[in-house]
Amino acid sequence: MSGTSASLQPPADAVTPVRHPDAPAPGELLGAHYGECFGCGGEQPHGLHLQARAGEGVSLTAEFAVRPEHQGAPGLAHGGILATALDETLGSLNWLLRTIAVTGRLETDFRRPVPVGTTLHLEAEVTAVAGRKIYSRATGRVGGPDGPVAVRAEALFIEVKVDHFIDNGRPEEIQAAMSDPDQVRRARAFEVNP
Ligand SMILES: CCCCCCCCCCCCCCCC(=O)SCCNC(=O)CCNC(=O)[C@H](O)C(C)(C)COP(=O)(O)OP(=O)(O)OC[C@H]1O[C@@H](n2cnc3c(N)ncnc32)[C@H](O)[C@@H]1OP(=O)(O)O
């Protein structure tokens, strides 16, 4: 049973989310937002290597292959790792809105243990937007995309400017990211887009 807190209930003036016209088409991979990201980065050897695929509207699917390095109890995925997979999946939704946003709040239900060697099939959608606040939810199933629910989450993401990262990130990584013209162009384009 989910007991979502009041701060995850959209306010009365919240609006239906609108998929950005330049968002990837349904079925397309979204790609990593940052190569070193623990959730989605292809250059991050310790990461989850989650790949999200655009769905209809402001929704997507993703798959997370649970490996031995993700264990908490013997043979089972660590709950924090599962929460990370949910967080990353939910965060990827903001790409469909073409909005840069960070997690403000993430509430997670763990319904079934997730064994090593299985694939967690994730689906997520944005449910509402209120100013800078983006409300979303995600579900993770085992045994196939229609298998039983193992985890679910609801979240509030908050829109930020690129300066959020520049002002707060460690200078080494920020400088490296800033020297990648593709990374900067993409981030700035998202920032100015309505
Ligand atoms: C060169 C560089 C390239 C960069 C390329 C970009 C790459 C793009 C990377 C994306 C990355 C994603 C990766 C996966 C997702 C993460 O893991 S993100 C990392 C984890 N999250 C964080 O680190 C966020 C830390 N928190 C913060 O920085 C600040 O608290 C926030 C979230 C920016 C909000 O601060 P703020 O901007 O001062 O806004 P604030 O006025 O406090 O809040 C705004 C509204 O949200 C509400 N709110 C805020 N927090 C909460 C909360 N926890 N609960 C309930 N309500 C809240 C407030 O009540 C307020 O509501 P209203 O009064 O407007 O109704």
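The term pLDDT denotes the predictor's confidence in each residue, on a scale from 0 to 100. For this protein the mean pLDDT is 94, and 97% of the residues reach 70 or more. The structure is a predicted model, in which local features need pLDDT of at least 70, side-chain atom pairs count only at pLDDT 80 or more, and totals for chains, interfaces and linings use all residues. Residues are numbered from 1 along each chain as its sequence is written. For the complex, the predictor gives an ipTM of 0.97 and a pTM of 0.96.

The protein is divided into domain 1 (14-159) and domain 2 (161-194), with bounds that come from an automatic or database domain assignment. Their C-alpha centres lie 22 Å apart. Across the boundary, 5 residues of domain 1 are in contact with 6 residues of domain 2; contact here requires that the C-beta atoms of two residues, placed from the backbone, lie within 7 Å. The side of domain 1 that touches domain 2 has 2 nonpolar, 2 polar and 1 charged residues. In this classification Ala, Val, Leu, Ile, Met, Phe, Trp, Tyr, Cys and Pro count as nonpolar, Asp, Glu, Lys and Arg as charged, and the others, Gly among them, as polar.

An unreviewed UniProt entry carries the annotation "domain: Thioesterase" for residues 75-139. UniProt positions are given in the numbering used here, feature names are shortened, and such annotations may be inferred rather than shown by experiment. Over residues 75-139 the chain is 29% helix and 45% strand, with its end C-alpha atoms 22 Å apart. Helices (H or I, at least four residues) and strands (E, at least two) are DSSP runs, numbered from the N terminus.

The ligand is surrounded by 26 residues, of which the closest are Ser 7, Gly 91, Val 102, Gly 104 and Arg 105. A residue is near a molecule or strand if its C-beta atom, placed from the backbone, lies within 6 Å of it. Domain 1 and domain 2 each provide at least three residues of this shell. At least two residues come from each of α1 (79-97), β3 (101-110), β6 (149-159), α2 (163-168), α3 (171-178) and α4 (181-192). Strand β3 gives the most, with 4 residues. By class, the shell divides into 13 nonpolar, 8 polar and 5 charged residues.

Two residues stand out for their backbone. Most residues other than glycine have a negative phi. His 49, in the segment before β1 (51-54), has a positive phi of about 55° although it is not a glycine. His 49 is partly exposed, with 18 other C-beta atoms within 10 Å. A residue is buried if 20 or more other C-beta atoms lie within 10 Å of its own, exposed if 12 or fewer, and partly exposed in between, with C-beta atoms placed from the backbone. Arg 98, in the loop between α1 and β3, also has a positive phi of about 55° without being a glycine. Arg 98 counts as partly exposed because 17 other C-beta atoms lie within 10 Å.

Helix α3 holds Ile 174 and Gln 175. Ile 174 is partly exposed, with 14 other C-beta atoms within 10 Å, whereas Gln 175 counts as exposed because it has 11 C-beta neighbours inside 10 Å. Not counting residues up to four places away in sequence, Ile 174 touches Phe 165, Ile 166 and Gly 169. The C-alpha atoms of Ile 174 and Leu 156, 18 residues apart along the chain, are separated by 25 Å. Gln 175 and Leu 86 are 89 residues apart in sequence and 29 Å apart in space, C-alpha to C-alpha.
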